[in-house]
Structures are given as C-alpha cells and as structure tokens.
Amino acid sequence: VLCGRTDDCTEKYGEKRTYVEYNLTVHNYCLLMSSGIWQRGEEDEGVDGFLITDIRKEVKRAAKLKCNICRKKGASIGCVAPKCKRSYHFPCGLQRECIFQFMEDFRSYCWEHRPVQEFTDQEPRGASQCTICLDLVEHLPVYTVLKSPCCKNAWFHRECLQYQALSAGIFFFRCTVCNNKEKFQKEMLRMGIHIPERDASWELEENAYQDLLHCYQHCDVKRCLCKKGRDYNEPDSKWEIKRCQYCGSRGTHLACSSMRSWEENWECMECRSIFATSGKYSKQKKRSLATSEKTNGTTCLLEEPSPKSPRQSSGSPRNFLLQSPKILCQNLSPCSHRELPASNRMTMSLSPVMSNRRLKERRREVCNILKELKVQVKTKPTRLNINAENIWSSALKGFRQRNFSPTNTIEVSFLNCKNRSKTDASAASKHHFFQLLMLHLQNSSLFEGSSGKTLSLDFQALEENLYFEAGKMIAVSLVHGGPSPGFFSKTLFNCLVYGPENVKPSLEDVADDDVAQTIKKIKYANSLSSLQSTLQDYCEFLAAAGCLRPVKALCDKNMLVNDILIYYVIKRVALPLESFKQGLKTLGVLEKMQMHPNVFSSIFCHKSERLSAKTICDLFTIHSTSDVNKVEGADFWMGYLQEVESGESVVTLEDILLFVTGSCYIPSIGFDPEPTIKFLHIRYPIGNRLLNCLELPITKTYQQFKQKMEFTIRNTPGVERE
C-alpha cells in the first residue's frame with residue numbers, strides 16, 4: 001500500500017506482511033522510512049506499534065505526492081535535508097542510491113544530500129579483497145563501496161555488509177578484520193546499513209548445537225594398538241580416549257599416542273593443518289628423520305628424507321609463508337609453576353662464553369640433581385635390540401614397545417656387533433647407544449640451525465609424534481647415563497624453562513637463509529623510503545606472517561623485526577615445542593630444568609669439554625695397599641696421561657676411559673660406581689667395567705708401564721677407533 005509493488009524480498013525491503021482483517025499489506029522498511037508516521041502504540045499493537053489508522057492516514061498523504069524518480073503517486077519518503085523537497089518510494093530510493101538510516105528518527109537522504117565517507121589523497125588506490133565475499137573491491141568513493149572506520153585497509157561491498165548485518169544481528173555484527181563493534185556499527189548505520197535488533201541467525205536455529213552434546217569416542221591415529229577396537233574406551237586406563245584439545249572431534253587412546261596421563265595435550269592432524277598447510281619452508285641439508293620404510297609390517301621413520309614428504313625449502317621466504325597460514329599462537333601457555341619478574345626475563349639467559357671453572361661447577365650440580373632423579377629407576381630390566389646402522393628406527397621401536405618403561409634399567413644389545421661381550425650389554429653398549437642416539441637427534445630434521453639449534457617444523461614428524469619421542473629420549477638418556485645434548489640454542493632452552501612468551505629471539509636463531517636475508521634488509525634499512533620499498537617488496541611475506549603494519553618512521557623497523565623473529569622462531573613451532581616439552585617431562589627432567597635453569601644450561605647449550613689428562617686424573621680415585629709406593633705409581637699414571645694428551649701415544653684418552661668404564665665420554669650423571677685405580681702386582685692392566693676400576697701393574701720403569709698400557713688397551717675387544 002506504500003510503494004505499490006508486489007515484490008517479496010526480505011533483504012531489500014524487509015519482511016512483507018499481510019493483515020487480512022485490515023485488508024492491508026506492507027513492507028517493513030517502507031513503513032519504517034515513511035516520513036509522516038510514528039509508532040504511537042505499544043509493540044503488540046497494530047504493526048509493531050504503528051497503528052492501523054495511522055498507516056491509512058499515511059497512505060492517503062502519500063497518494064498526493066509524486067515520486068521524483070518513477071513519477072508515480074504514493075511517494076511516502078522525503079529527504080530530510082533542509083529546503084530539499086524530493087519524495088520517493090523506498091524501492092525507487094534504493095535504485096537511485098539514496099541513504100536510509102535505520103536508527104533514531106529513521107532519516108532518509110536523497111542522492112544529492114546523502115552522507116558520504118571521507119577519502120583523503122593518501123588513501124591507497126586500486127583494489128583489494130572484500131573480506132566477506134573475497135572478491136575484489138575498487139577503492140572508490142561510490143555508493144556501492146564502504147570502507148571500515150577502524151581499519152585503514154579494509155574495504156567492503158555495500159551489499160555484502162548488508163547481508164552480513166542481517167545474518168549477524170546487532171550482537172554479532174562487527175568489523176571482520178579487527179573485530180571492532182561500537183565504532184564500526186555507528187559508521188555503518190550512518191551509511192544506511194540496516195542492523196536488526198535481534199540475535200544472530202545461527203543462534204536462532206532450533207537445536208543448532210545439538211551435536212555438541214555428544215562426546216566423540218573413537219581412536220583416529222594411524223595405528224591403533226587397542227585389541228578391542230578403535231571405539232573401546234576405558235576411563236582411568238591407558239585405553240581411555242583423549243579428544244583433540246582444539247576441535248574435540250578426533251580422538252586417540254592414551255597408549256596409541258604414547259601419552260602417560262590424561263593431562264597431556266593432543267592435537268589431531270586436521271587442527272594442525274589450520275596452523276600451516278605445508279612444510280616447504282626450511283632448507284634441510286642434513287639427514288632427515290623421516291623416510292617411510294616397512295619394518296615388521298609397520299611403517300617407521302628412518303634417516304633418509306621421504307620422496308613423499310616435501311620439506312625442502314622453496315628458496316623464497318614469501319613462498320614459504322604463503323603456504324603456511326598465520327599461526328594462531330596467542331594461546332601459548334605461560335609457565336604454570338611460577339611467574340618470572342619482568343626485570344629477570346631474559347636477563348637470566350646464558351652468556352655466550354662461560355668460564356671452564358664455572359661450567360664444571362654447574363655440571364657437578366647437574367650430576368647431583370640427575371642422581372636424585374635416578375632413584376626412580378628400578379632394577380627390573382628392559383632390553384633394547386639396536387641396529388647401529390639404523391639407530392633411529394630401532395630406538396623408536398624400542399621406546400614404543402609395550403613393556404618399555406623409563407623407570408626400568410635399560411640394557412642394550414647391538415644386533416650387528418658380534419664381538420661385544422655379554423657384560424657390554426649393560427655397560428659399553430648402553431653408553432654407545434645413547435651416544436649414537438644423541439648424535440642422530442642433533443643432525444635430524446627435528447632441529448635446525450648450525451651450532452645452537454632450534455626446533456624445526458616437520459609435519460610428518462608431528463603426525464608421528466616424533467617431537468615427543470625425541471624429548472623423551474633425551475630425558476631418559478640423561479638419567480640413564482647418556483651424554484650431554486650440548487646442541488640447544490639459548491632461545492630453545494629459554495623457551496623450555498621460562499616459557500616462549502618470555503623469550504626474545506635473535507637473528508642468529510633463523511636457520512633459513514632467505515628468511516634471514518629478508519629480516520636483515522628490514523633491520524639495516526637506513527632511510528624511511530628504503531624501508532618502505534623493502535616492505536613493499538616483501539608485503540606478501542609480512543602479511544602471511546601476520547606482521548604487516550604501517551610504517552611511519554624509521555624506528556618502526558625494530559618492532560617489525562621483533563614481530564617477524566617471534567613468529568618465525570617461536571610461534572611457527574608452537575606445536576613441536578609443546579610436544580617436545582611433554583617428552584622432556586619424562587622422569588621429571590623438565591621440572592628440574594625449570595627449577596635450576598642456569599645449572600642445566602651447562603649441559604644443554606654447551607658441548608662437552610674435550611677429555612684432558614687433568615680431567616681423567618681427577619675422575620679416578622687412587623687406592624693402594626701399604627706395600628705399594630702410591631706416589632711413584634701415580635707419577636707413572638699422570639705422566640702417561642700427559643703423553644696421551646699430547647699425541648705421543650698410539651691410544652687416546654677416550655680409549656683409556658672406554659677400557660675402564662665402557663664409555664668414551666663422561667655421562668652427565670657421572671659414573672656409578674665412581675672410577676677408581678689400584679696398583680697391584682700384576683702383569684698387565686685390567687679394566688673392570690662392572691666396578692669402573694682400573695687395576696694397574698707395578699713396574700720398575702716408566703717405559704715398561706707405558707708399553708703394557710698400550711699393548712693391553714690396543715688389544716682389548718670393544719676399544720674401537722674411528
């Protein structure tokens with residue numbers, strides 16, 4: 001009755017209502033915008049408070065007015081601009097690009113007096129993506145285009161915004177870029193976007209969230225170990241199903257993902273793909289941890305890179321980041337057991353150069369702490385059958401076997417070493433195994449960097465839960481007599497002990513040369529124009545990293561560089577870091593690291609010192625009987641060590657240590673029992689590896705002592721020289 005049209009388009013004209021008892025049909029928007037009518041009744045009276053008599057009066061008033069657009073009678077809407085006498089129908093006004101404000105007095109403006117958005121000369125020209133429909137939108141001051149009042153680079157189609165507003169309602173309609181609500185809604189209402197005062201359409205759908213009431217109970221890992229099937233769930237046991245911490249729509253048995261408790265986090269592969277979709281970002285020039293090979297009918301990960309797992313760098317930092325969506329790492333959990341003072345954050349980081357004396361003191365402290373942890377280890381043995389030529393695959397198989405427990409005594413048997421004695425299975429073989437394992441981890445694709453290494457992002461390793469296994473292996477190695485890792489970067493170690501939110505990475509932590517060069521160009525830009533030019537060249541790189549920001553001064557580059565470093569070094573590897581930390585919690589190692597960070601940095605961030613004559617001499621305690629000249633024997637022993645250190649002997653200090661203890665290195669936890677020396681009336685030296693005791697012959701001359709030492713050590717099985 002107001003516009004004279006039969007169209008029924010809710011999005012354009014509002015709801016079309018027919019009242020048979022009054023012989024009346026109106027569009028909601030036509031009624032709201034009519035200039036001569038007001039809501040004089042209650043909400044339940046007439047049509048939403050518009051009385052029927054008032055509507056009929058408005059129809060009669062409009063019948064006398066001619067539309068300035070279609071030239072027909074019934075124009076009920078007039079422009080509110082002073083001295084403007086234009087009238088029009090609501091559909092005609094939309095067609096002529098008039099503005100209708102659905103707020104306050106419901107004002108209407110004709111095409112000549114309508115409000116416009118301000119466009120400055122500095123506004124970027126060209127086109128950008130509408131963040132609602134994702135099509136291009138021209139940056140032009142026209143009716144069909146609206147720009148965000150809160151985001152400088154956010155542009156929308158008017159039609160897209162109107163559909164979004166009708167769907168979201170007043171409670172959920174906001175800027176799709178920055179999530180601003182108040183400022184954004186105020187501007188959109190001014191520019192004629194109708195925002196209905198109701199809940200969002202998805203909230204009004206009946207039983208829309210009914211599926212959320214069902215808990216997912218199914219094991220989705222590649223190899224389910226449960227004999228009762230993937231749907232079996234036994235609470236408070238290793239067969240309890242743990243759901244993905246992000247979506248809750250995928251699950252795993254605790255045992256199938258090597259989780260020891262319900263408190264450990266687990267993520268499904270679908271959620272991991274949200275963080276990034278490809279691993280083509282890091283130049284891996286070293287051995288990889290991930291080639292699929294069939295072993296006993298199951299898939300395992302070996303040393304060589306798989307042809308099906310693309311992890312090689314594409315050579316361009318832009319390509320890498322465009323393939324990896326921005327990681328949502330605002331959820332990085334802080335260190336729960338304590339809060340560091342702001343003044344102490346990163347002031348506690350490791351000094352590049354630490355004096356040998358201080359280093360030795362800290363390593364002695366580590367030794368005592370690890371001995372406390374070793375109390376958990378029981379005498380019950382667990383045997384690992386290791387293939388030295390395929391150390392990673394056999395170690396992974398051993399650590400994942402059903403009867404493996406970190407608290408059992410570990411015995412190692414090398415399958416391809418025929419000349420090792422049975423006693424070596426619990427002594428030399430175990431030391432040799434942990435040495436090979438740590439060396440392999442250092443050069444694997446789980447870590448990147450030259451000397452001080454950080455975690456890499458290997459999606460195949462994430463899928464196979466290898467970061468957890470690596471952390472677990474390092475923890476077990478430390479407590480069971482393995483060598484110091486010694487290859488962690490300061491940044492990686494600080495992330496583990498202080499939490500990633502308290503760490504400030506440096507350029508040295510960036511392993512990818514292309515990414516490092518990009519950061520350097522930004523960091524060393526010497527003028528604002530060169531900085532802006534560099535940002536323009538790498539805008540895709542910065543946008544993908546979530547670091548694209550307006551730069552108005554040269555000093556802004558420092559904050560930009562910091563953002564890129566935090567993204568690339570920390571946020572990008574948030575999932576591997578969390579999984580690695582869970583593995584390091586084995587036997588309580590991570591907890592001790594967080595309690596004594598400065599002490600543990602000596603074995604994680606510093607390589608083990610090269611064996612010296614003094615180190616070996618201090619390691620052994622000399623015992624002698626009353627009829628033995630202890631001083632003379634000690635002189636021969638010390639003199640021989642000095643000759644070996646200076647290269648004047650055919651054996652090495654490592655050979656001597658291996659001869660006595662079965663290990664060519666000093667474990668972080670030390671030797672148990674502590675090495676001793678006895679001078680006895682015997683013909684040749686004897687190395688008792690069960691007692692770590694070196695029995696030395698009493699000789700008249702030093703030359704005789706040296707000859708017997710070298711002859712015995714060189715001809716002892718198991719003392720192998722590379």
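This is a predicted model: local features need pLDDT of at least 70, side-chain atom pairs count only at pLDDT 80 or more; totals for chains, interfaces and linings use all residues.
**View 1. Phenylalanine 156 and phenylalanine 184 form an edge-to-face aromatic pair.** The count of aromatic pairs in the model comes to 23. In the pair shown here, the ring centres of phenylalanine 156 and phenylalanine 184 are 5.9 Å apart, and the planes make an angle of 70°. Because phenylalanine 156 belongs to strand E10 (residues 155–157) and phenylalanine 184 to helix H6 (residues 182–190), the pair ties together parts that are 28 residues apart in sequence. Both phenylalanine 156 and phenylalanine 184 are buried.

**View 2. Phenylalanine 636 and phenylalanine 705 form a tilted aromatic pair.** For these two rings the distance is 6.1 Å centre to centre, with 45° between the planes. Phenylalanine 636 is located in helix H24 (residues 630–645) and phenylalanine 705 in helix H26 (residues 702–714), so this pair ties together parts that are 69 residues apart in sequence. Phenylalanine 636 is buried, as is phenylalanine 705.

**View 3. Phenylalanine side chains form one aromatic cluster.** The members of the cluster are Phe447, Phe487, Phe488, Phe493, Phe580, Phe600 and Phe604.

**View 4. Charged side-chain ends sit over the rings of tyrosine 568 and tyrosine 684.** Over the ring of tyrosine 568 sits the charged end of arginine 572, at 3.9 Å from the ring centre. The ring of tyrosine 684 has the charged end of lysine 708 over it, and here the distance to the ring centre is 5.9 Å.

**View 5. Four strands form an open sheet with mixed pairing.** The strand order is E19-E20-E22-E21. Strand E19 (621–623) and strand E21 (686–688) are the edge strands, each of which pairs on one side only. On average, neighbouring strands of the sheet are turned by 20° against each other, direction ignored.

**View 6. Strands E21 and E22 run antiparallel, and helix H25 lies across them.** Three bridges join E21 to strand E22 (residues 693–697). Asparagine 688 has cysteine 693 in E22 as its bridge partner. Helix H25 (residues 653–661) lies across both E21 and E22, and the helix runs at about 60° to E21.

Notes: Residues are numbered from 1 along each chain as its sequence is written. Side-chain values use heavy atoms; hydrogens and water are left out. Rings of Phe, Tyr and Trp (its six-membered ring) pair if their centres lie within 6.5 Å; planes under 30 degrees apart count as stacked, over 60 as edge-to-face and the rest as tilted. Helices (H or I, at least four residues) and strands (E, at least two) are DSSP runs, numbered from the N terminus. Buried means under 20% relative accessible area, exposed over 50%, partly exposed in between (1.4 Å probe, protein chains only). A charge sits over a ring if NZ of Lys or CZ of Arg is within 6 Å of the ring centre and within 35 degrees of the ring normal. Two strands pair if DSSP finds at least two bridges between them. Axes are lines fitted to C-alpha atoms, for helices over the stretch in contact, and angles run from 0 to 180 degrees between N-to-C directions. Contact means heavy atoms within 4.5 Å.
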